Amino acid sequence: MKTCIAAARRKLISRETLNRITLLCALLGLAVCSEAQDISGTVTDNQQRPVEFATIVLLDAKDSTYITGAITDIDGRFAIKAEQPGLLKVSCMGYGDTYVDAAPGNIGTIRLAPSSVALGEVVVSATRPRTKIKDDALVTTIENSALAHAGTANDVLGRVPGVIKNGESIEVLGKGTPLIYINGRQMRNASELDQLSSETIKDIEVVTSPGARYDASVNAVIRIKTLKPAGEGFGLESRTMAGTAHYVYGLEEVNVNYRNGGFDLFGMLEYDNNRDRQNNTMAQNTYASSTIQQSTATRRFNSSQMYAGRLGMNYTFNERHSAGLIYDFSFRPTETRNGSYTSMSVNEILENELNNADTTDVYNRQHLLSGYYNGKFGKWQLDINADAMWSNQDKYQQVNETATNADNRMFATDNRVDSRLYAAKASLSRPLWNGSLTVGTEWSFVRRTDIYASQESFIDNSNTKIHEDNGAGFAELSQRFGKVTAMIGLRYEHMDSRYYDNGKKMSEQSRIYNNIFPSAMVSFPLSNVRVRLNYGRKISRPAFSQLNSNVQYINRYTYQSGNPYLKPVYRDYVSLLANYRWLTVMLDYAHVSDYIMSVYTQYGDNPEIALLQKQNAKSYNELTGMINAAPVFGIYHPVLMAGIRAQFFDIKFCGQTVKLNNPIGIIRFNNAINLPLDAWLNVDFSWRTEGNAENMYLEDTWQCDLGLYKSFCNDRWSVKLQCNDLFSTANSGMVLRSDVREIRMKKKLDTRNISVTVRYKFNATKSKYKGTGAGKDQKSRL
């Protein structure tokens, strides 16, 4: 007995070293004490897809008497407590029964053969839904579906339940911009979605209530998983795209990969060339002692290029240990030319007219070095990620402004931003009881310098620095009780932000935060309907660009500035998600505190000059709902999504309370048709109704897109023809009210375009890189 006790003590002492990497190490001791004797495994069908709700019965090997039983979860996994070997009987509707001799331990994968029941000339067989609830996510299967022929991952995401594609941006309904992972690695820039072919995607998981393992600023997560690559040796995949949207644009991308045994070397080069134009009109009224009216018409021309590359390696030592390193770089030069005419009137009497011509040159450079290690030690899974990122932005603006009733202005400004980020994340996980436990810690260090210079007296120079240190510890416990899955999580975050103006630390703008963020989830079936309830508390910290004190010149009546006094936004979410076969319903309630929104205020003592700035608003509530239907009728695959978002918010405008509670509706109707010769035709329609968002009223907008896809030579070649915004209707209009100012703006965008994309694959293989990255919130803020 003494020997056993001494051995147990040595075991606990050896684990104390690991416990130091988490702030919640008490939970680890609890995990070590739980050592259950289980018969565990996974049930799949003939295509290696998990079988959910399969019945597992343990029988006595001698007389086949019942001992105990269990049901597989959504991943096809099961675990039965047993002290002796026995006979497993595995059964599920639509499959034949299977018997397996089993002893305590993991018996691996059990495959079920499908069965069918003939009714006259009709054969009824089990079918697998395309969208379903899985743990914390809503999972949409892309493999062998109409979405596999959509084109790129960007095209697919615009058709996934709960996801909205707004131009080139991706949003989750009611949750804003998500954090996106591709095979466990955080997406670095939006171009990665276009680099990923839809036919290589296995499934997409949309997490509307991320748990404690994610940064508390992450309101939504999208996880993209690709199909497991086959073969070794050298692989190549190229993509060429050319299109026109008034201007001709295009890109060229080449991916290479070499794999031999556990060694994996991969690289990518991309060049992107774009031009676009935009026409804006804006009318601004200021209701002060006099009514000041400004009317502006602007024509904008934009030209941009992107030079991007990636080089990485991965080595899998064995099935329990792997490590990798990846380097990303991008260089994006952009030139923007604006020409505008502005008239300014006081009490409807014309006071001045301006003609502005300005050119802005921006040069963005970014370097990212990431490394990871994954290892298994007994029942423990250790994941370590470390990132270092360097980014620079040089921005030069030349302004030439002529006036009919004032002096002319010709000047230049220079803005240089230098950012450094160092981040690391470590997490430990292991099976515990009927679920798993995950604990971990995350650290990041940011150094950012922002220098803004002008030779004019009406624009202030600035030299600011932000030094920010962040630390976090988290724990997440998930358990299964029959068909019910529950998860609780707790995350602690510490942030120390120091703000410097011309080398002097500013105490009022410097902040220290200590926050605790709880989360909880329960998932259960109601007959054939899978239901999930979530609660979570989240934070959104202001972007670093919003915290600077630069005052940028738009014209002599309108300036724009950051706000170093901004506070973080806090949200408390309660979500309901239900799924039945091809029907999915989502409801979401959020209480929002200190939301950051755009306001127009007076600049200095002159009421004629408006300052556009971000400020914290008061608390408000909002509701979001969605219903998504995706039935299949032979060759016709329609998907209809209807959503609504309603906020309960009011503002003070000209001394009166104005309610901004008009809901916004969203309709998306995607139609995929499998034509002869296995070609695919896509006809997609989307419409956003008018309504209120933040302190704005948005006009309605709609568009129709067409696509035709065909692959050749066993998918070695593929061609896609695409026409976006066929009727050129995707324009926008808004009304913003703030204080004593009302701004009406309309934008006519160059969104109608026609493009052709050609892909070629030669022994194409995807990287095995398993890193997930670190410092995600800080990267997005930079």
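**Close-up views of a predicted protein model**

**View 1. An open sheet of four strands.** Four strands form an open sheet in the order β32-β33-β37-β36, with mixed pairing. Its edge strands, each pairing on one side only, are β32 (551–555) and β36 (596–603). From one strand to the next the twist averages 25°, where axes are lines fitted to C-alpha atoms and angles run from 0 to 180 degrees between N-to-C directions. Strands (E, at least two residues) and helices (H or I, at least four residues) are DSSP runs numbered from the N terminus, and two strands pair if DSSP finds at least two bridges between them. This is a predicted model, in which local features need pLDDT of at least 70 and side-chain atom pairs count only at pLDDT 80 or more, while totals for chains, interfaces and linings use all residues. Residues are numbered from 1 along each chain as its sequence is written, and side-chain values use heavy atoms, leaving out hydrogens and water.

**View 2. The pairing of β36 with β37.** Strand β37 (residues 606–616) runs antiparallel to β36, and eight bridges join the two. Among the paired residues, Tyr603 has Asn606 in β37 as its bridge partner. Strands of a sheet pair through backbone hydrogen bonds, either parallel or antiparallel.

**View 3. Strand β50 and its two partners.** Strand β18 (residues 233–245) is joined to β50 by nine bridges, and these strands run antiparallel. Strand β47 (residues 717–724) also pairs with β50 in the antiparallel sense, over eight bridges. Ser755 of β50 is the bridge partner of Gly243, and Gln722 stands opposite Ser755 as well.

**View 4. The two faces of β50.** Side chains alternate along β50 (residues 753–762). Asn753, Ser755, Thr757, Arg759 and Lys761 point to one face and are buried, that is, under 20% relative accessible area, with exposed meaning over 50% and partly exposed in between (1.4 Å probe, protein chains only).

**View 5. Cysteines without disulfides.** The whole structure contains zero disulfides, a disulfide being a pair of cysteine sulfur atoms within 2.5 Å. The closest cysteine sulfur to that of Cys723 belongs to Cys704 and lies 8.3 Å away, too far for a bond. Cys723 counts as buried, at 12% relative accessibility, whereas Cys713 counts as exposed, at 57%.

**View 6. The protein as a whole.** Its secondary structure comes to five helices and 50 strands. Of the 782 residues, 51% count as buried.
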